[in-house]
Amino acid sequence: MAEMGKETAGKEPAKDMGKGVTAGKLAINMQKRLTRAQEKVMQKLGKADETKDTAFEETVGNFNKQMAEGARLQRDLRGYMTAVKGMHEASKRLQDCLAEMYEPDWFGKEEVDSMAEDTDMLWIDFHQKLVDSAIINIDNYMAQFPDIKNRISKRDRKLVDYDSARHHMASLQKGKKKDEVKINKAEEELGRAQKVFEEINAELQEELPTLWESRVGLYVTTFQSLAGVTEKFHNEIGKLSHNLNDVMGKLEDQRHIKHGGSKTSAKSEDAANHSAESGSVPKSPPKNAVANGSSDSGELPAGVLYKVKALHDYAATDADELEMKSGDVVLVVAFDNPDEQDDGWLLGVQESHWLANKNLSARGVFPENFTQRC
């Protein structure tokens, strides 16, 4: 027993060549590779014919093109997502900067803080929807290519095996001394090689054209989703931008009111700017113009001091203001209480209203420097 143990201990156990791989199987695989290499050399030298399938080669060409295009789309979409994420971070920093600088007693402080939060949430939602509608879609699409590529390679190897078995069978049949045992064995090997090749070839012949057509659906789905999500995001972010613009405008008005002491000081500033552009600065009539009988030559409606013509459009921002378009003629009238007149502002009625209604009831104030006397 001791001797047997000593003998057993002296012998090395058979080494495991890997999961499911034995030395015999490894030798078979090595022989297959050698046979295929020899067959390809013979084919390239023109000493052995090669089975050709032009139609299948075209489908493989389409497959390679489709895979390359899909990889590019996947790469560019990920680049777009990186840019969106970068824009989100930049937007968040900008909104945070405004919120931190905004004094608590300034107009719209709560609105500014709320808009910063809403803007951040919109970017987060935009990014996530792009992932859900585009990135996941293209990732699933591209996941099918590696397996099919491997099967195409396998089909090519099995075709070489089939050609090699076919040539081996032919050489045995042409030999001067025929060995029926070898011929029968070669015939069996040829049948197996042909069956394996034809099975995988038939599967690919069916799948590749279908895969080629599927690219249209992918492009439509991806870019429709991308366009829809982007359009919605820009609409929502546009509303927030509009609201922020309004808050900033009202903050500016508040500053003018606080430091100018007049509710129309900001408007007077705008009027002065327009007057500089027009090059004409007509003077306001004296506040006692009615008492002094001031008026233009020619007939004017009772109570009208003179006419002016608008040089610029003016959009009314308060209920007591007069809307004007460039070229409009306005009948200037006196203030009921001269103390109510702010410097640089006149009271008037559109001439078109007077002609249509024969009354001066639709009065409104307007910046004098937007007009010139007719």
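Why is strand β3 (residues 345–350) largely enclosed by the rest of the structure? Please also describe the sheet around β3 and the nonpolar cores of the model.

Modeller: Please keep in mind that this is a predicted model. Strand β3 is largely enclosed by the rest of the structure because six of its six residues, 345–350, are buried, and buried here means under 20% relative accessible area.

The strands beside β3 come next. Strand β2 (residues 329–333) pairs with β3 in the antiparallel sense over four bridges, and V330 has Q350 of β3 as its bridge partner. Strand β4 (residues 364–367) also pairs with β3 in the antiparallel sense, again over four bridges, and here L346 has F366 of β4 as its bridge partner. In general, the strands of a sheet pair through backbone hydrogen bonds, in either a parallel or an antiparallel way.

Seen as a whole, the sheet is an open one of five strands, arranged in the order β4-β3-β2-β1-β5 with antiparallel pairing. Because β4 and β5 (371–373) stand at the edges and each has a single partner strand, one side of each is left without a neighbour in the sheet. On average, neighbouring strands of this sheet are turned by 50° against each other, if direction is ignored.

Turning to the nonpolar cores, the largest has 36 residues, and F63 and L208 are those with the most contacts inside it. The elements that give two or more residues to this core are α3 (54–101), α4, α5 (145–174) and α6 (180–260), and α6 gives the most, with twelve residues. Leaving aside neighbours within four places in sequence, L208 is in contact with F56, T59, V60, F63, I148 and I152. A second, separate core has 21 residues, among them L322, M324, L331 and L360.

Helix α4 (residues 109–142) has 34 residues and reaches 49 Å from its first C-alpha to its last, which is close to the 50 Å expected at 1.5 Å a residue, and α4 bends by about 40° at V131.

Conventions: Residues are numbered from 1 along each chain as its sequence is written. This is a predicted model: local features need pLDDT of at least 70, side-chain atom pairs count only at pLDDT 80 or more; totals for chains, interfaces and linings use all residues. Side-chain values use heavy atoms; hydrogens and water are left out. Buried means under 20% relative accessible area, exposed over 50%, partly exposed in between (1.4 Å probe, protein chains only). Two strands pair if DSSP finds at least two bridges between them. The expected span of a helix is 1.5 Å times one less than its number of residues. The bend at a residue is the angle between axes fitted to the seven residues ending there and the seven starting there. Axes are lines fitted to C-alpha atoms, for helices over the stretch in contact, and angles run from 0 to 180 degrees between N-to-C directions. A nonpolar core is a set of buried Ala, Val, Leu, Ile, Met, Phe, Trp, Tyr and Cys residues joined through side-chain atoms within 4.5 Å. Contact means heavy atoms within 4.5 Å.
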